[in-house]
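Thanks, everyone. Let's get the model up on the screen and walk through it.

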Amino acid sequence: MRTEAGLASLRVVTATEQAAVATFDAAADVTVETVPPDGSRPHGKRFGALVHAVLAAVDLDAGPAEVGRVAALEGRLLG
């Protein structure tokens, strides 16, 4: 039992190390889906910047009112 307890059960490597030894199957079937933006919803780089700013600033357990307050503040900061 002691011998087995000393053996590693996982091998941790960085993404760079894994990429160096990874093999890719060029014939793999990959479906690329494209969804056009819906004109009625916000989209684009500026909206993405706003979303990320809100996610960085708001508490993860915040309610809708707090998220709205932070979104309004970040929206003013981003213009």
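Which side chain does Glu66 meet in a salt bridge? Keep in mind that this is a predicted model. The partner is Arg69, and the N to O distance is 2.8 Å. Under the rule used here, the count comes to one salt bridge. So this pair is the one to look at, because a salt bridge here needs a side-chain nitrogen of Lys or Arg within 4 Å of a carboxyl oxygen of Asp or Glu.

Now place the pair. Glu66 and Arg69 both sit in helix α4. They are three residues apart, about one turn of the helix.

Two packed helices are described by the angle between their axes and the distance between the axes. Here α3 covers residues 45-57 and α4 covers residues 64-78. Their axes come within 9 Å. They cross at roughly 130 degrees. That makes α3 oblique to α4. As for handedness, α3 passes α4 in a right-handed crossing.

Who makes the contact? From α3, take Arg46, Ala49, Leu50, Ala53, Val54 and Ala57. From α4, take Val67, Val70, Ala71, Glu74, Gly75 and Leu78. Sort them by class, and you get nine nonpolar residues, one polar and two charged.

Next, step off the end of α4. Gly79 lies in the segment after that helix. Gly79 is exposed, because its relative accessible area is 72%.

One last stop, towards the start of the chain. Thr14 is in the loop between α1, residues 2-5, and α2, residues 15-21. Thr14 counts as partly exposed, because its relative accessibility is 43%. Compare its position with Thr3, 11 residues away along the chain. The C-alpha atoms of Thr14 and Thr3 are separated by 27 Å.

To recap. The salt bridge joins Glu66 and Arg69. The helix pair α3 and α4 crosses at roughly 130 degrees. Gly79 follows α4, and Thr14 sits in the loop between α1 and α2. That's my tour. Over to you.

Notes:
Residues numbered from 1 in each chain as written. Predicted model: local features only at pLDDT ≥ 70, side-chain atom pairs only at ≥ 80, totals over all residues. Heavy atoms only, no water. Axes fitted to C-alpha atoms, helices over the stretch in contact; angles between N-to-C directions. Helix = DSSP H or I, 4+ residues; strand = E, 2+ residues; numbered from the N terminus. Parallel < 35°, antiparallel > 145°, perpendicular 65-115°, else oblique. Left-handed = near helix turned anticlockwise from the far one by under 90°. Contact = heavy atoms within 4.5 Å. Nonpolar A, V, L, I, M, F, W, Y, C, P; charged D, E, K, R; others polar. Buried < 20%, exposed > 50% of the residue type's maximum accessible area, 1.4 Å probe, protein only.
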